[in-house]
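Biologist: Please take me through this structure feature by feature, giving the general idea before the particular case.

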Amino acid sequence: MTSSTGSPPPIRTTRILDPEQIAMQAGRQMPFLRLPVRSLVFSDRQLRLRQLAASHSMREYLIFIADLAQAQHQVLQDYAPVTLPESDSLEAASKVLKPPMPAFGWTRDPVWLQELRRLLGLFRARLPEGPARDTLDRVVATDDAWINEQADRLSRRIMFGLDLAAAPLIAAGLQAYWTQLVLQVADREGENIFGRTDPGNECPCCGSVPTVSITRIGADEAGFRYLHCSLCSTEWHYVRIKCTHCESTKGIHFESLSPQPGVELPATGAREGAVKAECCDSCGHYLKQIAMEKDPEVEPVADDLASVTLDLLVSEAGHQRSGHNLMLLFGDPEIPDDGGGG
């Protein structure tokens with residue numbers, strides 16, 4: 001087809017918008033922040049973990065974390081009050097776009113150690129005899145200074161010197177403490193006290209990195225993506241198709257586990273397409289994205305654990321994970337004591 005002048009007509013390029021972009025251009029408002037719900041955050045997690053464990057190759061570990069999440073739920077229901085920041089400091093942090101209670105700078109209330117030991121006591125009742133219970137008993141019997149040192153390493157994402165066997169237990173106490181801290185502040189000040197941060201990939205409450213992102217369903221949130229905090233379980237809005245590490249919108253592509261003829265994939269428990277990796281060619285990082293429209297029963301931490309096979313495949317392809325799951329950590333290799341040989 002040509003125009004009246006004999007030259008071909010100009011090519012028109014149509015940009016296809018995702019559901020979130022369509023909603024935002026239509027002026028639809030969505031909640032920026034989704035605070036954890038005391039009665040649901042750890043309860044939903046443990047239920048999803050048990051569901052995923054049914055036919056999973058990591059069944060024993062998923063059940064282990066489910067029992068730990070159940071203990072977190074029990075402790076959170078009547079957690080002792082913790083020391084809160086002053087209202088002025090909360091407002092000051094909001095004005096400069098910084099999280100008011102940064103995980104790697106906030107002085108933890110000693111109550112967290114008391115509640116950690118209570119949590120581990122509840123968890124111990126569900127553990128059979130064996131190495132896991134021995135590790136738990138060792139943590140409970142250890143002095144507060146060592147536990148706080150390990151907690152500092154977890155908060156700063158320092159793997160060197162971290163006791164990997166004890167890490168999930170201590171992390172469970174940190175998650176319960178920070179969830180309590182956020183909920184107490186919101187009860188006193190209102191959730192609007194937590195504002196946007198710069199960079200936008202930090203939790204507006206504690207400054208931690210996300211575990212995954214989740215695209216939600218529901219009247220107010222349908223199609224919108226939220227990042228799920230690895231520490232306090234707060235979720236905050238983050239636009240889709242944008243790197244959660246370098247914030248670039250270029251070079252984004254997605255990887256997922258897709259069955260091929262004659263190849264059997266490890267069971268993840270989630271429906272096909274519910275979990276994929278958003279990869280950024282600009283910085284070489286990736287973060288998993290979990291889609292509630294594919295599986296409305298997904299839970300960020302649980303489905304991240306159950307899809308570790310995807311992490312391995314994407315990492316083998318050369319991408320580095322930007323997310324953080326405190327229930328599944330990998331340490332630095334030990335330096336051999338061979339006289340300096342190598």
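Modeller: Let us start with leucine 120, which lies in helix α5; helices here are DSSP runs of H or I of at least four residues, strands are runs of E of at least two, and both are numbered from the N terminus. The model is predicted, so local features need pLDDT of at least 70 and side-chain atom pairs count only at pLDDT 80 or more, while totals for chains, interfaces and linings use all residues. Residues are numbered from 1 along each chain as its sequence is written, and side-chain values use heavy atoms, with hydrogens and water left out.

Biologist: Is leucine 120 buried or exposed?

Modeller: Buried means under 20% relative accessible area, exposed means over 50%, and partly exposed lies in between, using a 1.4 Å probe and protein chains only. Leucine 120 has a relative accessible area of 1%, so it is buried.

Biologist: Which residues is leucine 120 in contact with, leaving aside neighbours within four places in sequence?

Modeller: Contact means heavy atoms within 4.5 Å, and by that rule leucine 120 is in contact with Leu136, Val139, Val140 and Leu169.

Biologist: How should I read the packing of two helices?

Modeller: Two packed helices are described by the angle between their axes and the distance between the axes. Axes are lines fitted to C-alpha atoms, for helices over the stretch in contact, and angles run from 0 to 180 degrees between N-to-C directions. The axes of α5 (residues 111-124) and α8 come within 9 Å and cross at roughly 120°. That makes α5 oblique to α8, since angles under 35 degrees count as roughly parallel, over 145 as roughly antiparallel, 65 to 115 as roughly perpendicular and the rest as oblique.

Biologist: Which residues of α5 and α8 make the contact?

Modeller: On the α5 side they are Trp112, Leu116, Leu119, Leu120 and Phe123, and on the α8 side Leu169, Ile170, Ala172, Gly173, Leu174, Ala176 and Tyr177.
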